[in-house]
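I opened my notebook and went through this structure one look-up at a time. Here are the entries.

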Amino acid sequence: MDNLAPYYHAIGKEIEVFEQAYKSRLPFLLKGPTGTGKSRFIEYMAHTLNKELITISCHEETSSTDLIGRYIIKGAETIWLDGPLTTAVKKGAIIYLDEIAEARPDVIVAIHSLTDHRRELFIDKLGQTIKAHENFALVASFNPGYQRGFKELKPSTRQRFVAISFDYPKPDVEAKIIESETGVDISLAKKLVNIATKIRNLTELGLTETVSTRLLVDAAKLIHGGLPKRLSVHVAIVEPLTDDIEIISALKDLCDLMI
Ligand code: ADP
């Protein structure tokens, strides 16, 4: 490939682990809260391994038909259209099922035979079973449900994957990521990380999700673009976190003191 690799800063041994897992075509699960670099990691790995990446953002309406394919009517004809999973299985792409636990249960059923030694996909509407291309690999992400509102993944499904946990990077690494992603200077990046660390420790606020690296990158982009610092932090970090007016006001005071 001639295009540049996406920027990814390794947090632990995830690159080595993924390379080994891919060699054996083991299904791979990226666990962790939103905005911790899971999608970026798989983009980076696909690029490094020189494989096509097909990403599906799963939501509660995502069904096996969306993934496998459907008949569509074109003029007077009915034609079959492969879904993204079938395409990946045939072409030997890496399929990334982002937030797999959100999808309908029939999606989990559909991938079963792809996640064990069979490596095949059953297309029920065509009555066909297709063998996966040798380069095909299945990767999924999952946001562990220790907070309210997230769906669980059954143990029988989880045990089909090699899994690795993603979390917020150490402060100096996170500052480096913000600097590299946005071009702000490192001292500002560190201030943003300090704000994040402070808010992440305020567990008593009961936030469903706390400040992710993504939010810090967004704030840094706004600041780099010329928006005032406090306003940037407010709209990119505080407002996305909660709709509770009192918490917003408390966080605003805290952030204003820190930047
Ligand atoms: P997730 O898929 O876990 O929700 P993303 O991969 O979309 O999160 O990450 C959100 C943003 O955070 C990315 O666009 C990138 O700017 C930044 N980011 C987070 N972790 C990293 C990392 N380790 N290396 C590079 N960028 C990162």
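**Entry: V184 and how I read the model**

I started with V184, which sits in the loop between α7 and α8 (186-201). Helices and strands here are DSSP runs, numbered from the N terminus (helices are H or I with at least four residues, strands are E with at least two). I'm working from a predicted model, where local features need pLDDT of at least 70 and side-chain atom pairs count only at pLDDT 80 or more, while totals for chains, interfaces and linings use all residues. Residues are numbered from 1 along each chain as its sequence is written, and side-chain values use heavy atoms, with hydrogens and water left out.

Is V184 buried or exposed? V184 counts as buried, at 5% relative accessibility. The cut-offs I use are under 20% relative accessible area for buried, over 50% for exposed, and partly exposed in between (1.4 Å probe, protein chains only). I also looked up V184 against Y22: they are 162 residues apart in sequence, and their C-alpha atoms are 35 Å apart in space.

**Entry: the whole chain**

I noted 11 helices and 9 strands in the chain. The C-alpha trace spans about 65 × 40 × 40 Å along its principal axes. Of the 259 residues in the chain, 46% are buried.

E52 is in the loop between α2 and β2 (53-57), and E52 is partly exposed with a relative accessible area of 37%.

**Entry: salt bridges**

How many salt bridges are there? I get 13 salt bridges, taking a salt bridge as a side-chain nitrogen of Lys or Arg within 4 Å of a carboxyl oxygen of Asp or Glu.

I looked at R40 and E181, whose side chains meet in a salt bridge at 2.9 Å, N to O. R40 lies in helix α2 (residues 38-48) and E181 in helix α7 (residues 171-182), so this pair ties together parts that are 141 residues apart in sequence. Both partners are partly exposed: R40 at 28% relative accessibility and E181 at 25%.

K252 and D256 form a salt bridge too, again listed at 2.9 Å, N to O. They are 4 residues apart in helix α11 (residues 245-258), which means they are separated by about one helical turn. K252 is partly exposed at 36% relative accessibility, whereas D256 is buried at 18%.

R70 is partly exposed with a relative accessible area of 37%, and D66 is partly exposed with 28%.

**Entry: cysteines**

How many disulfides does the structure hold? The count is 0, where a disulfide is a pair of cysteine sulfur atoms within 2.5 Å. I checked C58, which is buried with a relative accessible area of 8%. C255 is buried as well, at 2% relative accessibility.

**Entry: surface patches**

For patches I took residues with over 30% relative accessible area and no salt bridge, joining like charges within 9 Å and nonpolar side chains (Val, Leu, Ile, Met, Phe, Trp, Tyr) within 5 Å. Accessible areas come from the Shrake-Rupley method with a 1.4 Å probe, and for residues only the protein chains shown count as cover.

Which residues form the negative patch? I wrote down E239, D243, D244 and E246. Asp and Glu count as negative and Lys and Arg as positive, with His and the chain ends not counted. Each charge is placed at NZ of Lys, CZ of Arg, CG of Asp or CD of Glu. E239 is in helix α10 (residues 229-241), and E239 is partly exposed at 35% relative accessibility.

The nonpolar patch covers about 280 Å² and is made by L222, L227, L231 and V235. L231 is found in helix α10, and L231 is partly exposed at 41% relative accessibility.

**Entry: positive phi**

Most residues other than glycine have a negative phi. R25 has a positive phi of about 55° although it is not a glycine. R25 is in the loop between α1 (14-23) and β1 (28-31), and R25 is partly exposed at 21% relative accessibility.

E99 also went into the notebook, with a positive phi near 60°. E99 sits in the loop between β5 (94-98) and α5 (105-111), and E99 is partly exposed with a relative accessible area of 21%.
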